[in-house]
Amino acid sequence: MKYTPQELHQIAMTTVGKKLEKKGFEFLAINSTYGKNPQFVCQKDRKLSFVLVKHVLYPANPDEFNTIWMEAMKQHAKDKEARLYYAGVGIANDSDLEEYPEKDQDVLIKFSGNIKRIL
């Protein structure tokens with residue numbers, strides 16, 4: 001059985017959420033609904049932060065994002081006087097990179113650990 005886009009999104013969010021915790025971010029709100037932004041509303045050093053998480057399937061590059069989509073999020077962050085971050089997570093079927101990830105098989109996760117500050 002194949003993962004749904006929501007399930008793949010949840011894998012990416014879990015991956016990024018663990019990294020945010022290690023970096024000392026305090027979670028104020030989490031939105032795990034696929035397609036809704038931002039995914040994490042956090043605070044670090046008393047500064048409001050929005051973290052966008054996007055998953056992509058192999059061979060797409062997880063560090064690239066749609067600039068039109070990002071411009072809308074930049075404006076939202078400016079309006080709220082918040083920092084804006086982006087974290088991309090690549091996901092693949094570990095048995096065959098060209099195949100869609102299956103629930104009964106291991107997945108390969110490509111996450112550099114880089115949570116890029118946009119604003």
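Which residues touch the most other members in the largest nonpolar core?

## Basis of the model

This is a predicted model, in which local features need pLDDT of at least 70 and side-chain atom pairs count only at pLDDT 80 or more, while totals for chains, interfaces and linings use all residues. Residues are numbered from 1 along each chain as its sequence is written, and side-chain values use heavy atoms, with hydrogens and water left out.

## The nonpolar cores

Val16, Leu20, Phe40, Cys42, Val51, Val53 and Ile115 touch the most other members of the largest nonpolar core, which has 17 residues. A nonpolar core is a set of buried Ala, Val, Leu, Ile, Met, Phe, Trp, Tyr and Cys residues joined through side-chain atoms within 4.5 Å. Buried means under 20% relative accessible area, exposed means over 50%, and partly exposed lies in between (1.4 Å probe, protein chains only). Two or more residues of this core come from each of helix 1 (5-22), strand 2 (40-44), strand 3 (47-57) and strand 4 (83-93). Helix 1 gives the largest share, six residues. Helices (H or I, at least four residues) and strands (E, at least two) are DSSP runs, numbered from the N terminus.

Val53 is one of the core residues named above. Val53 touches His9, Ala12, Met13, Val16, Gln39, Phe40 and Ala87, leaving aside residues up to four places away in sequence. Contact here means heavy atoms within 4.5 Å. Another core lies apart from the largest one and has ten residues, including Met70, Met73, Leu84 and Ile118. In soluble globular proteins, nonpolar side chains tend to be buried together.

Thr15 lies in helix 1. Its relative accessible area is 18%, so Thr15 is buried. Beyond residues up to four places away in sequence, Thr15 touches Ile109 and Phe111.

Ile30 belongs to strand 1 (residues 26-30). Is Ile30 buried or exposed? Ile30 is exposed, because its relative accessible area is 53%. Ile30 still has contacts: Met13, Gln39 and Phe40, not counting residues up to four places away in sequence. The C-alpha atoms of Ile30 and Gln10 are separated by 11 Å, with the two residues 20 apart along the chain.

## Aromatic pairs

How many aromatic pairs does the structure hold? There are three. Rings of Phe, Tyr and Trp (its six-membered ring) pair if their centres lie within 6.5 Å; planes under 30 degrees apart count as stacked, over 60 as edge-to-face and the rest as tilted. Phe27 and Phe40 form a tilted pair, because their ring centres are 5.3 Å apart and their planes stand at 45°. This pair links distant parts of the chain, with Phe27 in strand 1 and Phe40 in strand 2, 13 residues apart. Phe27 is partly exposed at 27% relative accessibility. Phe40 is buried at 3%.

Phe65 and Tyr86 also make a tilted pair, because their ring centres are 4.9 Å apart and their planes are at 55°. Distant parts of the chain are again linked: Phe65 is in the loop between strand 3 and helix 2, Tyr86 is in strand 4, and they are 21 residues apart. Phe65 is partly exposed at 23% relative accessibility, whereas Tyr86 is buried at 2%.

## A nonpolar surface patch

Tyr58, Leu97 and Leu108 make a nonpolar surface patch of about 250 Å². Tyr58 sits in the loop between strand 3 and helix 2 (67-79). Its relative accessibility is 40%, so Tyr58 counts as partly exposed.

Patches are made of residues with over 30% relative accessible area and no salt bridge; like charges are joined within 9 Å, and nonpolar side chains (Val, Leu, Ile, Met, Phe, Trp, Tyr) within 5 Å. A salt bridge is a side-chain nitrogen of Lys or Arg within 4 Å of a carboxyl oxygen of Asp or Glu. Accessible areas come from the Shrake-Rupley method with a 1.4 Å probe; for residues, only the protein chains shown count as cover.
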